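The questions below take a reader through one protein chain. Each answer ends on the value or name asked for.

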Amino acid sequence: MTPSLRTAHLEFIPYRAEDEDGFVSLLRNADVCGWMGQDLVPEPQIRALFRAILTDVYPRQLFDVWGLWLDGTYAGHAEVKRTGNVDGHELVTALAPEFWGRGLGTEVIHGLIRYAADELGLKEVYGMVGAENSPSLALCRRLGFRHLRDVVGDDGSVALLVAISTTGPA
């Protein structure tokens, strides 16, 4: 079962049915989707994805996924899940634009790394960052992620596969 987590400013809370509108709003934001390297999809599709988290992901313990909360306000999304790009686990996070530029991305990644090490026993975690996503790439450099390789999508887009040890400084 995905546990709740806490960092200095953020609460990582497993999604509840009442969180659906926040999740949908986040993933219907063109800027968020652009930085995540995903297409803007119709709202019904996002609602179906949210319901799948509650009815499939959590009950089957497929991976850990949280809503991020700052002072009681939905601020974003975070996951730790197996990735098909390497034999390991990927960190996924997205913050709503009104929370950008506050250092919260760093805090989310620190919290996910700590969880991956302490609760999942992982020695290393990965991320996929779009080559155009300079803010996230800068964050990865500051935290000590290393570039493993470029991954070219079917549409020609490029993402960087990055990795970081969970046992070293982050």
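This is a predicted model, in which local features need pLDDT of at least 70, side-chain atom pairs count only at pLDDT 80 or more, and totals for chains, interfaces and linings use all residues. Residues are numbered from 1 along each chain as its sequence is written, and side-chain values use heavy atoms, with hydrogens and water left out.

Q: How many helices and strands are in the chain?
A: Helices (H or I, at least four residues) and strands (E, at least two) are DSSP runs, numbered from the N terminus. From the N terminus on, the order is β-β-α-α-α-β-β-β-α-β-α-β-β. The chain has 5 helices and 8 strands.

Q: What is the radius of gyration of the chain?
A: The radius is taken over C-alpha atoms, and the globule rule is 2.2 Å times the number of residues to the power 0.38. For 170 residues that rule gives 15 Å, and the chain comes close to it, so the chain is as compact as a globular protein of that length; its radius of gyration is 15 Å.

Q: What share of the residues of the chain count as buried?
A: Buried means under 20% relative accessible area, exposed over 50%, and partly exposed in between (1.4 Å probe, protein chains only). Of the 170 residues of the chain, the share that count as buried is 43%.

Q: How many residues lie between strand 1 and strand 2 in their hairpin?
A: Two strands pair if DSSP finds at least two bridges between them. Strand 1 (residues 5–6) and strand 2 (residues 10–13) pair in the antiparallel sense over 2 bridges, and R6 has E11 of strand 2 as its bridge partner. The number of residues between the two strands of this hairpin is 3.

Q: Which residue of strand 3 stands opposite I13?
A: Strand 2 also pairs with strand 3 (residues 64–70) in the antiparallel sense, over 4 bridges. In strand 3, the residue opposite I13 is G67.

Q: Which residues touch the most other members of the largest nonpolar core?
A: A nonpolar core is a set of buried Ala, Val, Leu, Ile, Met, Phe, Trp, Tyr and Cys residues joined through side-chain atoms within 4.5 Å. The largest one has 47 residues, and the members that touch the most others are F12 and F145.

Q: How far does helix 4 reach from its first C-alpha to its last?
A: The expected span of a helix is 1.5 Å times one less than its number of residues. Helix 4 has 15 residues, and its reach is close to the expected value; the reach is 21 Å.

Q: Which residues does C140 touch beyond four places in sequence?
A: C140 lies in helix 5 (residues 134–143) and counts as buried at 10% relative accessibility. Contact means heavy atoms within 4.5 Å. Leaving out residues up to four places away, C140 touches V129, F145 and V162.

Q: What is the relative accessible area of L26, and is it buried or exposed?
A: L26 lies in helix 1 (residues 20–27). Leaving aside neighbours within four places in sequence, its contacts include V32, Y74, H77 and L95. L26 is buried, and its relative accessible area is 4%.
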